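These are a colleague's notes on the structure shown below. Please read each point with the model open beside you.

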Amino acid sequence: MDGRPLLIVISGPSGSGKGTLCRALRQVFPDLAYSVSVTTRPPRPGEVDGVDYIFLTPSEFEKRVQEGKLLEWAQVYENYYGTPREPVERWLEEGRDVLLELDVQGALQVKKLYPEALLIFIVPPSIEELGARIAKRGTDTKEVIKKRLSCAKEEIKAAAKYDYVVVNDHQEEALKKLVEIISMEKMRRQNEEGSGHATTQP
Ligand code: 5GP
């Protein structure tokens, strides 16, 4: 991809299908650098350390915060999540587009650091559908599902702060929209660059 690199941040309540959409996006744009987050959450069955997340103990996580090694971090439910700073800064310097999958708090922190970041919020077609999807995934207890649904309602309110909102009713349609948004933003930035528009990234 040419032009100024894009820092893409995708958020959405758990069960919105953002994980699957991010994986599909990475197949469409194989050069897109994907940041693996650190977390204190225990791995779910099938999750691989270093691939899905870098799993840390709370004190290891705290140490990375203290040492300034995280670009952003947030507490989500009972656990902590953060984005390692060094790879993201390096990829952007190299001119590579970067994809981050973050909760709302993290996304807004990134937008402050990089006002040009492209924030996309994925919403499920309805709260009922969201509940059904989380239950179907079978990885959460009833109590956790209840908590995730009430958090989802709060999170969806934050969608107004994002650059784009994509409804994930049918996955292929949602993916098509995401690809369109990203391609359009790439083009827009290339045009701005051509017309001498200044970059505001630090
Ligand atoms: P899960 O435990 O379901 O994998 O993720 C819970 C939430 O944490 C999701 O909304 C996910 O997008 C978010 N998350 C994952 N990694 C990070 C991160 O590095 N920083 C922040 N702020 N949120 C993250």
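1. A residue counts as buried under 20% relative accessible area, as exposed over 50%, and as partly exposed in between. Tyr77 has a relative accessible area of 23% and is therefore partly exposed. The model is predicted, and the points that follow should be read with that in mind.

2. Where does Tyr77 sit? Tyr77 is in the loop between strand S5 (70-76) and strand S6 (79-84). The backbone at Tyr77 deserves a look, with a positive phi of about 55 degrees although the residue is not a glycine. Most residues other than glycine have a negative phi.

3. The largest nonpolar core has 21 residues. Leu7, Val9, Val88, Val98, Leu100, Val110 and Tyr114 touch the most other members of this core. Two or more residues come from each of strand S1 (7-11), helix H3 (85-93), strand S7 (98-101), helix H4 (104-113) and strand S8 (118-123). Apart from this core lies another one, of 19 residues, including Leu6, Ile10, Leu175 and Ile182. In soluble globular proteins, nonpolar side chains tend to be buried together.

4. Val110 shows what a core member can touch. Leaving out residues up to four places away in sequence, Val110 touches Leu7, Val9, Glu72, Leu100, Leu102 and Ala117. Leu7, Val9 and Leu100 are also named among the core residues that touch the most other members.

5. Which helix holds Leu178? Leu178 lies in helix H7, and this helix covers residues 171-194. The relative accessibility of Leu178 is 0%, so the residue counts as buried. Beyond residues up to four places away in sequence, Leu178 touches Ile10, Leu21, Leu25, Ile120, Ile122 and Val166. Glu67 lies elsewhere: Leu178 and Glu67 are 111 residues apart in sequence and 35 Å apart in space, C-alpha to C-alpha.

6. Helix H7 also packs against helix H1 (residues 18-28), and the two axes come within 10 Å and cross at roughly 55 degrees. H1 and H7 are therefore oblique to each other. Their crossing is right-handed. On the H1 side the contact is made by Thr20, Leu21, Ala24, Leu25 and Val28. On the H7 side it is made by Gln171, Ala174, Leu175, Leu178, Val179 and Ile182.

7. Helix H5 (residues 127-137) and helix H6 (residues 142-157) pack at an angle of about 140 degrees, with their axes 10 Å apart. Roughly antiparallel requires an angle over 145 degrees, so H5 is oblique to H6. H5 passes H6 in a right-handed crossing. H5 contributes Ile127, Leu130, Gly131, Ile134, Ala135 and Arg137 to the contact. H6 contributes Ile145, Arg148, Leu149, Ala152, Lys153 and Ile156.

8. Is Glu185 buried or exposed? Glu185, in helix H7, has a relative accessible area of 5% and is therefore buried. The side chain of Glu185 makes a polar contact of 2.8 Å with the side chain of Arg188. Glu185 also touches Leu6, Leu118 and Tyr164, not counting residues up to four places away in sequence.

9. Arg4 is found in the segment before S1 and is buried, with a relative accessible area of 9%. Its side chain makes polar contacts with the side chains of Glu116, at 3.2 Å, and Glu192, at 3.4 Å. Arg4 and Gly95 are 91 residues apart in sequence and 6.5 Å apart in space, C-alpha to C-alpha.

10. Phe61 is found in helix H2 (residues 58-66). Its relative accessible area is 3%, so Phe61 is buried. Phe61 and Tyr80 are 19 residues apart in sequence and 7.8 Å apart in space, C-alpha to C-alpha.

11. Finally, Ser37 is in the loop between strand S2 (33-34) and strand S3 (38-39). At 9% relative accessibility, Ser37 counts as buried. Setting aside residues up to four places away in sequence, Ser37 touches Tyr53, Ile54, Gly82 and Pro84.

Conventions
Residues are numbered from 1 along each chain as its sequence is written. This is a predicted model: local features need pLDDT of at least 70, side-chain atom pairs count only at pLDDT 80 or more; totals for chains, interfaces and linings use all residues. Side-chain values use heavy atoms; hydrogens and water are left out. A nonpolar core is a set of buried Ala, Val, Leu, Ile, Met, Phe, Trp, Tyr and Cys residues joined through side-chain atoms within 4.5 Å. Buried means under 20% relative accessible area, exposed over 50%, partly exposed in between (1.4 Å probe, protein chains only). Helices (H or I, at least four residues) and strands (E, at least two) are DSSP runs, numbered from the N terminus. Contact means heavy atoms within 4.5 Å. A polar contact is a pair of N or O atoms within 3.5 Å; within protein, one must be able to donate a hydrogen and the other to accept it, and residues adjacent in sequence count only if both atoms are side-chain atoms. Axes are lines fitted to C-alpha atoms, for helices over the stretch in contact, and angles run from 0 to 180 degrees between N-to-C directions. Angles under 35 degrees count as roughly parallel, over 145 as roughly antiparallel, 65 to 115 as roughly perpendicular and the rest as oblique. A crossing is left-handed if the near helix is turned anticlockwise from the far one by less than a right angle, and right-handed if clockwise.
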